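Subject: Structure for you to look at

Hello,

Please find the sequence and structure below. My notes on what turned up in it follow.

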Amino acid sequence: MQTTSSLWEVLCRDFESERQVSRAQDCCEISKKFLSAARLVLRPDSARMGDALEIVGDVFQAAGEYVDAARYFEEARETAERLGALSSQARLSAKLGLLFERLDRHEEAIQRTREAVSLYESQRDFSQHALLLNHLGGIHRPLGGPAEAAQDYTHALEAATRMHGHNHPETATALNNLGVARMECQQYDEAESLHMQALGIREKTFGPMHPEVAQSMANLGVVYHAVGKYDQARAYYHGASQIYRSFRAEDDPELQNLQNNIAALPDHA
């Protein structure tokens with residue numbers, strides 16, 4: 001008689017061999033066959049069943065089938081919750097937070113992302129905190145909550161600094177995001193300082209010609225534009241444009257936005 005472990009290995013091997021020779025659009029159907037086979041040989045509330053559901057969710061997510069992916073992840077999360085598997089539950093909650101945002105299910109995205117943060121904290125695992133808190137701020141901003149987003153980004157900055165120190169790309173990302181939120185709150189001096197810090201880290205880490213450097217320069221241009229320092233705004237806009245043109249086509253949205261900002265500057269600043 002085969003053990004559950006050996007049956008699982010057979011299921012995974014067959015799934016992978018079939019997936020490798022199939023077209024991308026067929027992978028979802030193959031994954032559903034894999035899940036049906038798993039349901040026949042695995043206990044419903046087993047860790048392996050949760051793994052099978054997560055694997056299928058990953059396949060559907062990669063195919064852009066977000067509604068189905070969320071359904072499989074949610075079932076896997078419920079299985080992990082019943083088993084008391086906190087690490088799996090945290091990981092799946094984080095995945096659901098990202099998916100729900102893509103589906104414009106914002107309240108559910110916020111709930112699951114906060115849940116993931118809390119679950120990781122309960123295990124003293126802070127490796128995902130900056131990423132999750134930045135994501136949480138990214139949900140709040142378009143909902144018209146820059147002040148609430150700023151709180152999320154402040155916590156993300158604290159987490160990134162605690163995990164990586166003051167001169168790390170993830171720290172720069174949190175600085176950049178917090179700078180954007182402060183700008184939207186019309187806290188211009190703080191926004192300028194945050195973007196300058198992010199720019200310094202990015203230039204040191206990536207060199208002067210990098211898209212993330214361009215992002216920081218563009219954001220500084222926005223700050224100077226808002227406070228009437230038009231010469232400085234123009235210089236940063238042009239600097240960002242030159243970098244972006246090394247990586248992107250002329251019709252790229254970032255470049256188009258920069259060109260619009262430059263055109264909106266007074267002719268004689």
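Helix H12 passes helix H13 in a left-handed crossing. This comes from a predicted model, as does everything else in this message. The axes of H12 and H13 come within 10 Å and cross at roughly 155 degrees. Angles over 145 degrees count as roughly antiparallel, so H12 and H13 are roughly antiparallel to each other. On the H12 side the residues in contact are Tyr-237, His-238, Ala-240, Ser-241, Tyr-244 and Arg-245. They meet Glu-254, Leu-255, Leu-258, Gln-259, Asn-261 and Ile-262 in H13. By class, this contact has six nonpolar, four polar and two charged residues.

The largest pocket has a volume of about 160 Å³. Which residues line the largest pocket? They are Asn-176, Val-180, Gln-215, Ala-218, Asn-219, Val-222, Tyr-237, Tyr-244, Glu-254, Asn-257, Leu-258 and Asn-261. Helices H9 (169-184), H11 (211-226), H12 (230-245) and H13 (253-264) are the elements that give two or more residues to this lining. Six of the lining residues are nonpolar, five are polar and one is charged. Tyr-237, Tyr-244, Glu-254, Leu-258 and Asn-261 belong to the lining and also take part in the contact of H12 with H13.

As for the overall build, the protein has 13 helices and zero strands. Its pattern along the sequence is accordingly written α-α-α-α-α-α-α-α-α-α-α-α-α. Taken along the principal axes, the C-alpha atoms fill a box of roughly 80 × 40 × 30 Å.

H3 brings Ala-47, Gly-50, Leu-53, Glu-54, Val-56, Gly-57, Asp-58, Phe-60 and Gln-61 to the contact. From H4 come Tyr-66, Asp-68, Ala-69, Tyr-72, Phe-73, Glu-75, Ala-76, Thr-79 and Leu-83. The residues of this contact divide into 10 nonpolar, four polar and four charged.

The second pair is H6 (residues 106-122) with H7 (residues 129-140), which pack at an angle of about 160 degrees with their axes 10 Å apart. H6 and H7 are therefore roughly antiparallel to each other. The crossing of H6 past H7 is left-handed. In H6 the residues in contact are His-106, Ala-109, Ile-110, Thr-113, Arg-114, Ala-116, Val-117, Tyr-120 and Glu-121. Facing them in H7 are His-129, Leu-132, Leu-133, His-135, Leu-136, Ile-139 and His-140. The contact of H6 with H7 has nine nonpolar, five polar and two charged residues.

Regards

Terms used: Residues are numbered from 1 along each chain as its sequence is written. This is a predicted model: local features need pLDDT of at least 70, side-chain atom pairs count only at pLDDT 80 or more; totals for chains, interfaces and linings use all residues. Side-chain values use heavy atoms; hydrogens and water are left out. Axes are lines fitted to C-alpha atoms, for helices over the stretch in contact, and angles run from 0 to 180 degrees between N-to-C directions. Helices (H or I, at least four residues) and strands (E, at least two) are DSSP runs, numbered from the N terminus. Angles under 35 degrees count as roughly parallel, over 145 as roughly antiparallel, 65 to 115 as roughly perpendicular and the rest as oblique. A crossing is left-handed if the near helix is turned anticlockwise from the far one by less than a right angle, and right-handed if clockwise. Contact means heavy atoms within 4.5 Å. Ala, Val, Leu, Ile, Met, Phe, Trp, Tyr, Cys and Pro count as nonpolar, Asp, Glu, Lys and Arg as charged, and the others, Gly among them, as polar. On a 1 Å grid over the protein atoms alone, a cavity is a set of points where a 1.4 Å probe fits but cannot get out, and a pocket is an open set with protein on both sides within 12 Å along at least five of seven lines; lining residues have an atom within 4 Å of a point. Grid points are joined across faces, edges and corners, and a volume is the space filled by probe spheres set on the points.
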